[in-house]
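Take a moment with the sequence and the model below.

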Amino acid sequence: MNLRKYFVEFSLLILIKLTLEYLYINVIALNYSYSGLTYVFSYNNYVIGWIIYLFGYLILLRKKKLYIFEIFYLLYFIYVLPTIVFFELSNKSISDFLILIIPYFVILLFVFERPEKQIKSFPNGKIIVLVLSFLAVVSVIIHYLFSTGGNFVLSFDKVYDFREKFGESNLSGIFGYLNSWAMKIFLVVLYSWALNQKNIKALILFISFILIVFMLSGHKEVFSGLFLIFFFNFLFKQKEKRRRIFILLSLFLLLILIAINSFINGLNILDSLIIRRLFFVPIQLNFTYIEFFSNHEYVYWSNSVFKYFINYPYNLPPSLLIGDYIGLYGMSANTGFIATGYMHFGYLGLLIYVFLTIIILRVINTLGKKIKKYTVLSIIFLPINTLFMASDLLSTLLTHGLLIAILVLWLYEDKVYRIQFFNKKFKI
């Protein structure tokens with residue numbers, strides 16, 4: 001055992017938490033307390049938080065053999081760490097904290113490697129995925145052209161006004177789903193394939209598709225897949241898993257330090273749009289959902305699959321209901337599957353969702369093994385992150401493309417095909 005490497009790793013681990021705590025106290029709570037991100041120190045919570053953070057990390061490291069280990073690793077710092085920091089520094093209920101934190105570790109423990117039968121590749125599955133992805137993206141672009149009347153946006157500052165003006169027509173019917181799938185799944189598949197093939201013409205074409213979809217939709221998230229492909233591709237060029245861990249830890253620390261420097265220099269873009277929105281707003285909403293539905297009637301899926309059988313008990317959808325509850329009237333306060341599982345049926349609803357998530361992640365871990373790891377993680381990270389941070393399980397499966405991502409993993413493989421088209425041979 002190389003004690004020096006472990007010392008550096010755990011030093012980075014401690015430094016990340018201390019730096020995020022500093023950022024929460026001196027930037028987030030100081031500037032955004034009006035929205036519920038308050039600072040109320042609790043010694044007991046602080047001790048509990050450190051114990052769970054350090055011992056939880058040791059549990060995480062024992063799962064390094066998982067094919068999708070890096071997904072759990074990223075979630076540890078995007079979901080688990082902010083939950084711990086918010087619990088410590090906002091004096092939140094220990095029982096609410098455990099409701100939010102235990103499911104992560106239960107899922108981690110029950111998604112494991114085991115000898116599996118070799119999954120047979122679907123005949124011509126890769127070709128099917130690439131053709132359908134291409135057709136889906138082209139269909140989305142054509143639909144955007146008609147629905148916007150050819151109008152487009154180029155500035156990040158104007159995307160919200162653009163979406164308010166033209167976004168409603170893109171949220172109905174099949175395109176309400178297809179638009180999201182194209183951004184989060186199909187464009188990622190196409191770009192990842194072109195990068196893997198080192199096909200410059202295809203890379204240029206698919207980058208153009210990404211830019212066009214952004215210009216016609218105003219959705220910045222279309223660039224997320226592009227970033228993820230570059231990031232995971234770079235990460236897995238590192239042969240040693242421990243070196244990858246050092247890189248991930250260093251990047252998290254760097255992001256937080258940049259946000260602090262941004263605040264010191266009077267630029268609050270990073271601490272507001274990235275640190276606050278990425279780390280703390282979803283966690284705050286998680287606690288709010290648990291708090292609200294611990295004292296009010298459960299929903300029992302009456303807003304979704306059981307809407308024809310059970311009367312929905314409130315006069316607003318859950319997201320608007322919680323927005324009103326925290327005083328942000330009209331705000332759509334979406335949250336992840338752990339809090340919405342509790343919203344539906346308390347502990348039983350949470351148990352059902354955790355059980356289903358374990359099955360889903362075990363399927364993904366198995367299906368992904370026939371594909372390059374950076375491609376698998378690029379395809380599934382956005383839906384999985386959405387699942388934990390921003391959406392109900394059923395919505396994530398359909399609207400946010402998790403089910404489509406699983407189907408893609410089932411069909412796709414890294415086998416190279418040579419096909420003939422108009423007397424020309426192509427390598428796919």
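Start with Glu113 and Lys369. They form a salt bridge, and their closest N and O atoms are 2.4 Å apart. Where do Glu113 and Lys369 sit in the chain? Glu113 is in the loop between α4 (94–110) and α5 (125–148). Lys369 is in the loop between α13 (337–367) and α14. The two residues are 256 residues apart, and the pair links distant parts of the chain. Keep in mind that this is a predicted model.

Are these two residues buried or exposed, or something in between? Buried means under 20% relative accessible area, and exposed means over 50%. Glu113 has 30% relative accessibility, so it counts as partly exposed. Lys369 has 37%, so Lys369 counts as partly exposed too.

Other salt bridges share partners. Lys17, Glu21 and Glu88 are joined into one network in this way. How many salt bridges does a search of the whole structure find? The search finds 5.

Now turn to Glu70. Glu70 forms a salt bridge with Arg244, with 3.6 Å between the closest N and O atoms. Glu70 lies in helix α3 (residues 69–89) and Arg244 lies in helix α10 (residues 241–264), so this pair ties together parts that are 174 residues apart in sequence. Glu70 counts as buried because its relative accessibility is 3%. Arg244 is at 12%, so Arg244 also counts as buried.

Glu70 has another partner. The side chains of Lys373 and Glu70 meet in a salt bridge, at 3.1 Å from N to O. Lys373 belongs to helix α14 (residues 373–389), and Glu70 to helix α3. Lys373 is buried, and so is Glu70.

Look next at the two helices themselves. The axes of α3 and α14 come within 10 Å and cross at roughly 35°. The crossing is right-handed. Which residues of α3 make the contact? They are Glu70, Ile71, Leu74, Leu75, Ile78 and Tyr79. On the α14 side, the contact includes Lys373, Leu377, Ile380 and Phe381. Ile384, Asn385, Phe388 and Met389 of α14 take part as well. By class, the contact of α3 with α14 has 11 nonpolar, 1 polar and 2 charged residues.

Methods:
Residues are numbered from 1 along each chain as its sequence is written. This is a predicted model: local features need pLDDT of at least 70, side-chain atom pairs count only at pLDDT 80 or more; totals for chains, interfaces and linings use all residues. Side-chain values use heavy atoms; hydrogens and water are left out. A salt bridge is a side-chain nitrogen of Lys or Arg within 4 Å of a carboxyl oxygen of Asp or Glu. Helices (H or I, at least four residues) and strands (E, at least two) are DSSP runs, numbered from the N terminus. Buried means under 20% relative accessible area, exposed over 50%, partly exposed in between (1.4 Å probe, protein chains only). Axes are lines fitted to C-alpha atoms, for helices over the stretch in contact, and angles run from 0 to 180 degrees between N-to-C directions. A crossing is left-handed if the near helix is turned anticlockwise from the far one by less than a right angle, and right-handed if clockwise. Contact means heavy atoms within 4.5 Å. Ala, Val, Leu, Ile, Met, Phe, Trp, Tyr, Cys and Pro count as nonpolar, Asp, Glu, Lys and Arg as charged, and the others, Gly among them, as polar.
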